[in-house]
Each structure stands twice: as structure tokens, then as C-alpha cells.
Amino acid sequence: MNREYDFTLKFSVPPDLAQDQVESSLFQAGCDDAIIGLGQKGRLALNFTREAASAEQAMLSALQDVQRVLPEARLVEAGPDFVGISDMASLLMFSRQNMRKLIQTHLASFPLPVHEGASALWHLCDVLAWFSEKQKRAIPADLMEVAQVSMGVNLVREAGRIDQRLQAQLRQQSAIV
């Protein structure tokens with residue numbers, strides 16, 4: 001049984017791509033279920049609503065469709081994955097202030113951010129899992145599934161850049177893994 005999955009794929013592309021040709025080629029290659037954004041020079045964003053048996057199948061088929069048309073395109077990010085407090089608040093229908101307060105009052109159990117700084121970032125699937133388990137909040141299964149797949153795609157993309165020797169040493173460190 002197929003379901004619809006909403007996700008975004010962002011790519012780095014050659015800055016001299018002909019916009020009309022790209023849109024037409026992507027449409028013909030099966031990306032007729034995506035809104036195509038070429039606003040920033042050298043970047044391509046596709047917001048998909050793709051029907052598939054799983055979020056994994058939906059995202060992998062979309063990646064294949066894009067690579068078939070634009071073999072030089074390099075994936076920058078799959079989403080939804082990285083979220084800040086405002087993103088979480090919007091998705092979960094809280095005010096930003098309420099979301100911040102909830103995080104502060106549950107520091108011991110709330111997922112660790114991927115990045116801390118002026119604006120902290122979390123993996124959406126970790127946040128959704130926390131809300132489901134700790135707050136007993138109903139999370140749409142398709143959103144959880146696509147967030148997990150997006151995180152996996154992003155982690156695999158980044159892991160390919162790590163030195164294998166360093167990776168083996170880091171796996172031995174219990175505080176890291």
C-alpha cells in the first residue's frame with residue numbers, strides 16, 4: 001500500500017545550468033511530483049510529495065531521478081532533518097517560547113543537539129521520538145519515517161568524508177557513540 005511522503009532534497013549544481021531545461025528534464029525523468037527551486041545560483045531544491053511503499057523508497061527513487069538528469073549534482077541535504085527551536089515549535093504547534101521552556105525543563109532527557117551555538121540544531125527524528133516516548137504525543141508515522149530516512153541520508157553523506165582510521169578510533173570512545 002503506497003503512501004505520500006513529503007521531503008526536500010537540496011543539491012549543489014553547476015552555476016550555469018539553464019533553468020528551463022533543468023525543470024523540463026526533471027519533470028520528464030519522474031520528478032513531476034516536486035516543486036523545483038532554483039533561486040540561489042549553484043543550488044537546486046526539490047520539495048517532493050512522492051507516493052511510495054516507504055519513505056526510503058520515495059527518497060531513494062527521487063535521488064535516482066535527479067542523478068539520472070543531473071549526474072553532476074551533489075546532495076547538500078535531505079530534509080526534514082535538521083531543526084531549530086522555531087522549526088520544532090511550528091511542526092508541533094507550540095509557540096517558540098513554550099518549546100524553549102519545554103527543552104529547558106527536560107534537559108536531562110531531551111535529545112542532544114547536533115550543533116550548539118547561537119542557534120542549536122537537532123535531528124528531527126530524535127525530537128519526534130522524544131515527544132512520542134516521553135510526552136506521549138501522537139506523531140504522524142509518515143513524518144517520523146521520512147525524518148529517519150532524511151537523517152540516514154545526511155549521515156551517510158557526511159560519514160563518507162571521515163577518515164576510516166579515525167572512524168575506527170572514534171567507535172571505541174563510548175562518550176562519542
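A salt bridge here is a side-chain nitrogen of Lys or Arg within 4 Å of a carboxyl oxygen of Asp or Glu. By that criterion, a search of the whole structure finds five salt bridges. The model is predicted: local features need pLDDT of at least 70, side-chain atom pairs count only at pLDDT 80 or more, and totals for chains, interfaces and linings use all residues. Residues are numbered from 1 along each chain as its sequence is written, and side-chain values use heavy atoms, with hydrogens and water left out.

Start with the sheet. Helices (H or I, at least four residues) and strands (E, at least two) are DSSP runs, numbered from the N terminus. Two strands pair if DSSP finds at least two bridges between them. Four strands form an open sheet in the order 2-3-1-4, and the pairing is antiparallel. Strand 2 (34-37) and strand 4 (74-79) are the edges; each has a single partner strand, so one side of each lacks a neighbour in the sheet. From one strand to the next, the twist averages 20°.

Now take strands 1 and 3. Strand 1 (residues 3-12) and strand 3 (residues 43-52) run antiparallel and are joined by ten bridges. Leu9 stands opposite Leu46 of strand 3. Helix 2 (residues 55-69) lies across strand 1, strand 3 and strand 4. Its angle to strand 1 is about 40°. Contact means heavy atoms within 4.5 Å. Axes are lines fitted to C-alpha atoms, for helices over the stretch in contact, and angles run from 0 to 180 degrees between N-to-C directions.

Next, the charged pairs. Side chains of opposite charge can pair when their charged atoms come close. Arg50 forms a salt bridge with Asp33, with the closest N and O atoms 2.7 Å apart. This pair links distant parts of the chain: Arg50 belongs to strand 3, Asp33 to the loop between helix 1 (19-28) and strand 2, and they are 17 residues apart. For burial, the classes are buried (under 20% relative accessible area), exposed (over 50%) and partly exposed (in between), with a 1.4 Å probe and protein chains only. Arg50 is buried at 6%. Asp33 is partly exposed at 21%.

Asp65 and Arg68 meet at 2.5 Å, N to O. They are three residues apart, about one turn of the helix. Asp65 is buried at 9%, while Arg68 is exposed at 53%. Asp33, Arg50, Asp65 and Arg68 are linked in a network of salt bridges. Arg161 and Glu158 also form a salt bridge, at 3.2 Å, N to O. Arg161 is exposed at 63%, and Glu158 is partly exposed at 32%.

Finally, the rings. Rings of Phe, Tyr and Trp (its six-membered ring) pair if their centres lie within 6.5 Å; planes under 30 degrees apart are stacked, over 60 edge-to-face, and the rest tilted. The structure holds five aromatic pairs. Phe7 and Phe48 have ring centres 5.1 Å apart and planes at 15°, so the pair is stacked. Phe7 lies in strand 1 and Phe48 in strand 3, 41 residues apart. Phe7 and Phe48 are both buried. The rings of Phe94 and Phe131 have centres 5.8 Å apart and planes at 35°, so this pair is tilted. Phe94 is in the loop between helix 3 (85-92) and helix 4 (96-105), and Phe131 is in helix 5 (residues 124-134). Phe94 is partly exposed at 28%, whereas Phe131 is buried at 1%. Phe94, Phe110, Trp122, Trp130 and Phe131 form one aromatic cluster.
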